[in-house]
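Here is a short tour of one protein model, written for someone who likes to check the geometry. Please keep the structure open as you read.

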Amino acid sequence: MTASSPGSVPVIDLSGFPGGDVAQRRALGAQIDRACREVGFFTVVGHGVDDATIEALRSAAADFFDAPLGDRLAVAMPEPGYPYGYNPLQAEALNRSIGGAALADLKETFNIGPIDPPPRPLSEMVDPDERAVYAPNLWPEAVPTLRPAVEAYYRSMADLAATLMGAFAVALDLDDRTFDDLIDAHGSALRLAHYPALDEPPPPGQFRAGAHTDYGTLTILWTDGEPGLQVQTADGIWIDVESVDGGLIVNLGDLMQRWTNDRWRSTMHRVVASDAPGRRLSIPFFHNANWDAVVECIVADGEEPRYPPTTAGRHLMEKFRSTVM
């Protein structure tokens, strides 16, 4: 882990996992544990994601958001609560997911769900929210490069998330395969988020993305380097997340905080308009455990669980629906 000042987001070299020896893996686990306890965010380098895979999606995403509005609206979310497709500018307020009342976010998004068939037929899924996770993705005819770029990137992120979950297990002094059977049929989501350039600063109380936490196990974020992402420290101070060449930003979601019995932090974060608010593009991958994965608090000796056992699925859609305008 590179040196970092107090309150900053650490940088962790992931290349020692999974190929490293026991000592390397334990050292990496200790770095991750410290980052997850203190900040809830870290940047990974040595992650193995191919630059060409990232660039192909960046280029296709830019083409999509540069397409005429009619082409984007052709793949708009067809009804309130539908999880995938295009969401126009100011159609979402992430702050509402934590009970806030911030103004609508100054961004537009394109959202994608699982790209492979569900683990069992939809007809066997009793919970309508679980069926919603596997709702069809909507692909724009106007940008034919988008689907293959998304699918290649999604698979890379799923592989990286599995590696991170293995590293998380080591960080928690568990067998590194502890989470394997709980994430092997995950219904993770990918988002393309476009923040158009602003002619003037937004009014007080309006953000490019309002303060919120993420919902699942972890998020892996690529950004184009345009400033604006901030995280809230344990003492309530907002700090900037600096861009690292070749790095991907990782943060914990609410489910992981619960899973670790609050040992780790699902940290509040937001996107603000910088002094010169130019166009900004980011691509978060929201990793989730299997819908029916049983989540029981991982406790230290003598520690009582702070939460009852639950499953990973239901709160995901409830939180999503709470953000839609």
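Predicted model: local features only at pLDDT ≥ 70, side-chain atom pairs only at ≥ 80, totals over all residues.

Residues are numbered from 1 along each chain as its sequence is written, and side-chain values use heavy atoms, with hydrogens and water left out.

**Helix H2**
- Helices here are DSSP runs (H or I, at least four residues), numbered from the N terminus.
- H2 covers residues 51-66, and its end C-alpha atoms lie 22 Å apart, which agrees with the 22 Å that its 16 residues should span at 1.5 Å a residue (1.5 Å times one less than the number of residues).
- At the start of H2, a side-chain oxygen of Asp-50 comes to within 3.2 Å of the backbone nitrogen of Ala-52.
- Among the buried residues of H2 are Ile-54, Leu-57, Phe-64 and Phe-65 (buried means under 20% relative accessible area, with a 1.4 Å probe and protein chains only).

**H2 against H5**
- The axes of H2 and H5 (residues 146-171) come within 9 Å and cross at roughly 140 degrees (axes are lines fitted to C-alpha atoms, for helices over the stretch in contact, and angles run from 0 to 180 degrees between N-to-C directions).

**Cysteines**
- Cys-36 counts as buried because its relative accessibility is 0%.
- Cys-297 is buried too, at 17% relative accessible area.

- Val-133 is found in helix H4 (residues 128-133), and counts as buried at 4% relative accessibility.
- The C-alpha atoms of Val-133 and Gly-313 are separated by 9.2 Å, although these residues are 180 residues apart along the chain.

Notes: Helix = DSSP H or I, 4+ residues; strand = E, 2+ residues; numbered from the N terminus. Buried < 20%, exposed > 50% of the residue type's maximum accessible area, 1.4 Å probe, protein only. Polar contact = N/O pair within 3.5 Å; in protein donor to acceptor, adjacent residues only side chain to side chain.
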